[in-house]
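Here is a colleague's note for someone opening this structure for the first time. Please read the numbered points with the sequence and the model side by side.

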Amino acid sequence: MPRLTVNNQPVEYLMPAETPLLWALRDASNLTGTKYACGNGDCGACIVDVDGQAVKSCRFTLEAAEGTFVTTIEGLSRDRTHPMQQALLASNVVQCGFCIPGIVMNMAVLMKRNPRPAQEEIERVVTNICRCGIYPRLAEAIQQAIRISAGDETVAPAPRPGIEPEEAARDVPALVVPR
């Protein structure tokens with residue numbers, strides 16, 4: 001029975017050791033922010049932080065995760081205050097949103113290791129695939145996240161999770177609530 005820490009909570013999974021971490025997170029822990037897409041480690045939608053490393057959880061077994069500290073998108077910042085989350089929301093980059101948790105986690109790990117990564121390092125590390133093609137706007141949002149993290153820029157806070165649509169429309173003028 002693999003034991004690890006997920007989002008600062010000790011967990012023991014009653015699953016075979018060869019189970020991909022992705023399925024333990026999604027199915028057993030109900031942490032569905034980590035996405036399943038390609039299943040072979042190419043797209044990056046399933047990236048989580050494992051002991052400070054960006055790991056593609058579809059290719060990382062529970063056995064390999066034994067004793068580690070795992071952070072998912074849900075554990076990164078529940079109130080959306082991580083600089084990468086702030087920048088993506090402020091710049092309205094997100095389209096379908098499927099790839100976003102993996103991108104955020106990939107950048108969070110990079111920014112933890114290097115608070116001011118050069119563009120070349122970002123391009124080398126952030127190889128996530130986005131089927132909507134947000135790449136030019138994503139590059140701008142990543143630079144904004146770095147400035148936010150460094151304290152060089154501030155953005156208005158995003159509406160908190162669980163907000164009522166009418167309240168969100170008051171906080172975010174671009175949001176229209178269907179009547």
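**Notes on the predicted model**

1. Ala-158 is found in the loop between α7 and α8 (165-171), and at 26% relative accessibility this residue counts as partly exposed. As the model is a predicted one, the distances and angles in these points should be read as computed values.

2. As general background, nonpolar side chains in soluble globular proteins tend to be buried together.

3. How many of the 14 residues of α5 are buried? The count is 12, and the helix is accordingly described as mostly covered. The buried residues of α5 include Ile-100, Pro-101, Gly-102, Asn-106 and Met-111. From its first C-alpha to its last, α5 reaches 20 Å, close to the 20 Å expected for its 14 residues at 1.5 Å a residue.

4. In helix α4 (residues 83-90), the buried residues are Pro-83, Met-84, Gln-85, Ala-87 and Leu-88. What covers them includes α3 (73-76), α5 (100-113) and α7 (135-150). Just after α4, Asn-92 takes a positive phi of about 55°.

5. Two further residues with positive phi deserve a look. Asn-8, in the loop between β1 (3-6) and β2 (9-12), has a phi near 70°, a positive value in a residue other than glycine, and Asn-8 is exposed, with a relative accessible area of 66%. Asp-51, placed in the loop between β3 and β4 (53-56), has a phi near 50°, again positive in a residue other than glycine, and Asp-51 is partly exposed, with a relative accessible area of 46%. For context, most residues other than glycine have a negative phi.

6. A search of the whole structure finds one aromatic pair. Trp-23 and Tyr-36 form this pair, which is tilted, with 5.0 Å from centre to centre and 45° between the planes. The pair links distant parts of the chain, with Trp-23 in helix α1 (residues 21-28) and Tyr-36 in the loop between α1 and β3 (47-50), 13 residues apart. Trp-23 counts as partly exposed at 28% relative accessibility, and Tyr-36 is likewise partly exposed, with a relative accessible area of 40%. Elsewhere, an aromatic ring meets a charge: the charged end of Arg-131 sits over the ring of Phe-98, 4.7 Å from its centre.

7. Which cysteine sulfur is nearest to that of Cys-38? The nearest is that of Cys-43, 3.7 Å away, and Cys-38 is in no disulfide, because a disulfide calls for sulfur atoms within 2.5 Å. Cys-38 is partly exposed, with a relative accessible area of 30%. Cys-130 is also in no disulfide, and its nearest cysteine sulfur, that of Cys-99, is 3.7 Å away; at 7% relative accessibility, Cys-130 counts as buried. By this rule the count of disulfides comes to zero.

8. Is Ser-57 buried or exposed? Although Ser-57 is placed in the loop between β4 and α2 (62-65), this residue is buried, with a relative accessible area of 0%. Leaving aside neighbours within four places in sequence, Ser-57 is in contact with Pro-20, Leu-21, Leu-22, Thr-34, Cys-46 and Val-48.

Methods. Residues numbered from 1 in each chain as written. Predicted model: local features only at pLDDT ≥ 70, side-chain atom pairs only at ≥ 80, totals over all residues. Heavy atoms only, no water. Phe/Tyr/Trp six-rings, centres within 6.5 Å; stacked < 30°, edge-to-face > 60°. Helix = DSSP H or I, 4+ residues; strand = E, 2+ residues; numbered from the N terminus. Buried < 20%, exposed > 50% of the residue type's maximum accessible area, 1.4 Å probe, protein only. Lys NZ or Arg CZ within 6 Å of the ring centre and 35° of its normal. Contact = heavy atoms within 4.5 Å. Expected span 1.5 Å × (residues − 1).
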